[in-house]
Amino acid sequence: MSKQVQLHNEVILFGRIMNLQKNIRCNNKKAIRVKLALPNDDNYDLNPNIAYIYVYDDGQIYNQLRINQAIGINGHIEFKWGQKIIVDVLSFIKEKETN
């Protein structure tokens, strides 16, 4: 066991909301499935990477999420019944307004 690499399942992601899906069940709880576009670190002109994240729905968070909104999340990966990224902390990123 001492020679094995132990992996941590914590993730931090920053990206834009591409799609929302309400009334999803995740770990037998009500959740929102969010398709998140993550910028390509090597070249921002390339197509973004895509991640699906699950936000547990408290009845109010769905109304605050908008398509094309920039967010940051701190979450963890769960491997039971497939690999899923579960959001622990969701932060809305305020962007400079362009006119």
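Which residues have the most contacts inside the largest nonpolar core? The model on display is predicted, and the tour below begins with its fold before turning to that question.

**The barrel.** Select strands S1, S2, S3, S5 and S4: in that order these five strands form a closed barrel with mixed pairing. From one strand to the next, the twist averages 50°.

**S4 and S5.** Next, select residues 70–78, which form strand S4, together with residues 84–92, which form strand S5. The two strands run antiparallel and are joined by eight bridges.

**The largest core.** Now display Leu 13, Val 34 and Ile 53, the residues with the most contacts inside the largest nonpolar core, which has 18 residues. At least two residues of this core come from each of S1 (10–26), S2 (29–38), S3 (49–56), S4 and S5.

**Around Val 34.** Centre the view on Val 34. Leaving aside residues up to four places away in sequence, Val 34 touches Ile 17, Asn 19, Leu 20, Ala 51, Tyr 52, Ile 53, Val 55 and Leu 65.

**The second core.** Select Ile 24, Ala 31, Tyr 54 and Ile 86, which are among the five residues of a second, separate core.

**Beyond S5.** Finally, move to Lys 94, in the segment after S5. Is this residue buried or exposed? Lys 94 counts as exposed because its relative accessibility is 79%, and the cut-off for that class is over 50%. For a distance check, pick the C-alpha atoms of Lys 94 and Ile 61: they lie 17 Å apart in space, and the two residues are 33 apart in sequence.

Methods: Residues numbered from 1 in each chain as written. Predicted model: local features only at pLDDT ≥ 70, side-chain atom pairs only at ≥ 80, totals over all residues. Heavy atoms only, no water. Pairing = 2+ DSSP bridges. Helix = DSSP H or I, 4+ residues; strand = E, 2+ residues; numbered from the N terminus. Axes fitted to C-alpha atoms, helices over the stretch in contact; angles between N-to-C directions. Core = buried A, V, L, I, M, F, W, Y, C linked by side-chain atoms within 4.5 Å. Buried < 20%, exposed > 50% of the residue type's maximum accessible area, 1.4 Å probe, protein only. Contact = heavy atoms within 4.5 Å.
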